[in-house]
Amino acid sequence: MTAAPATLTWDAVLEQVADALATRGWIVLDGAVPAAVLDGLRLRLHALDDQAFHAAGVGRQSDHQRAEAFRNDRIHWLEDTDPAEAAWLAWADGLRAEMNARLYLGLNRYECHFAHYAPGHFYKKHVDAFKGQANRRLSSVLYLNEGWAHADGGELVIYEPDDAEQVATTVVPQPGRLVLFLSEGVAHEVLPAQRDRYSIAGWFRVRESMAP
Ligand code: OGA
Ligand code: MN
């Protein structure tokens, strides 16, 4: 399947993202990522075999079984030695630089991994960074599924900033859809997927010494 072409201009993406982050703390965007980048990532994903993925951890939790009750996706970190992965890392880096210029976020690097949720898999409600502790400032999720129906489950539920009981929006993981939200204070969860669900989850970070 070929992805729909990017329908938003780079300027429109930047404007919408900067505005949403400054006012609301999260945004869901379709048509932001160029089709060539998406197609490359999908091919790369299919070329990686299961052994390239490993169980994700939860914070400093070392107890594997307890971690699995909280999240059971399997992950593979991206590196710029692969051209398709490098294309996404470059796109994200452009976004990083522009958000710094517009919002003075001081983001100095981006890290991300592919995530595979097999049928029945989920990620319970969490925040990606705790205030004053971590140095993840902006979270991203890009969906790489081949279509997605309501019955497939696996929605991303985003809660209002600083109110983990109030649902802000429910995101269907449609192909090419990009979600960005502030890492601190925006709780979210992945509902159980009914079929294989693929994404790239990533974090824009500030330097260790810049974290409060
Ligand atoms: C994460 C995460 C959301 C998603 O990996 O931290 O919240 O929709 N992922 O895959
Ligand atoms: Mn998360």
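**Entry 1: ground rules.** I am working with a predicted model, in which local features need pLDDT of at least 70 and side-chain atom pairs count only at pLDDT 80 or more, while totals for chains, interfaces and linings use all residues. I number residues from 1 along each chain as its sequence is written, letter chains from A and number ligands from 1 in the order in which they are written, and take side-chain values from heavy atoms, with hydrogens and water left out.

**Entry 2: the chain as a whole.** I noted that buried residues make up 50% of the 212 residues; buried means under 20% relative accessible area and exposed over 50%, with partly exposed in between (1.4 Å probe, protein chains only). The accessible surface of the chain comes to about 10,200 Å², and 51% of it belongs to carbon and sulfur atoms; accessible areas come from the Shrake-Rupley method with a 1.4 Å probe, and for residues only the protein chains shown count as cover. I also looked at contacts (heavy atoms within 4.5 Å): of those between residues at least 6 apart in sequence, 80% join residues at least 24 apart.

**Entry 3: ligand 1.** Which residues are closest to ligand 1? I found His-126, Asp-128, Tyr-143, His-188 and Arg-197 to be the closest in a surrounding set of 13 residues, a residue being near a molecule if one of its heavy atoms lies within 4 Å of it. Strands E5 (123-126), E6 (136-143), E10 and E11 (197-205) each supply at least two residues of this shell, and E11 gives the most, with four residues. For polar contacts I used pairs of N or O atoms within 3.5 Å; within protein, one must be able to donate a hydrogen and the other to accept it, and residues adjacent in sequence count only if both atoms are side-chain atoms. An oxygen atom of ligand 1 lies 2.6 Å from a side-chain N or O atom of Tyr-143, and the corresponding distances to an oxygen atom of the ligand are 2.8 Å for Arg-197 and 2.9 Å for His-188. The protein covers 98% of the 290 Å² of accessible area that ligand 1 has on its own.

**Entry 4: His-188.** I then followed His-188, which is found in strand E10 and counts as buried at 5% relative accessibility. The side chain of His-188 makes a polar contact of 3.2 Å with the side chain of Asp-128, and its contacts beyond four places in sequence include Lys-124, His-126, Leu-156, Tyr-159 and Phe-181.

**Entry 5: Ser-183.** Is Ser-183 buried or exposed? I find it buried, with a relative accessible area of 0%, in the loop between strand E9 (178-182) and strand E10 (188-190).

**Entry 6: backbone angles.** Most residues other than glycine have a negative phi. I noted Tyr-104, not a glycine, with a positive phi of about 55°; Tyr-104 sits in the loop between helix H4 (83-103) and strand E4 (109-117) and counts as exposed at 70% relative accessibility. Asp-162 likewise has a positive phi, near 60°, and lies in the loop between strand E7 (156-160) and strand E8 (163-171), where Asp-162 counts as exposed at 60%.
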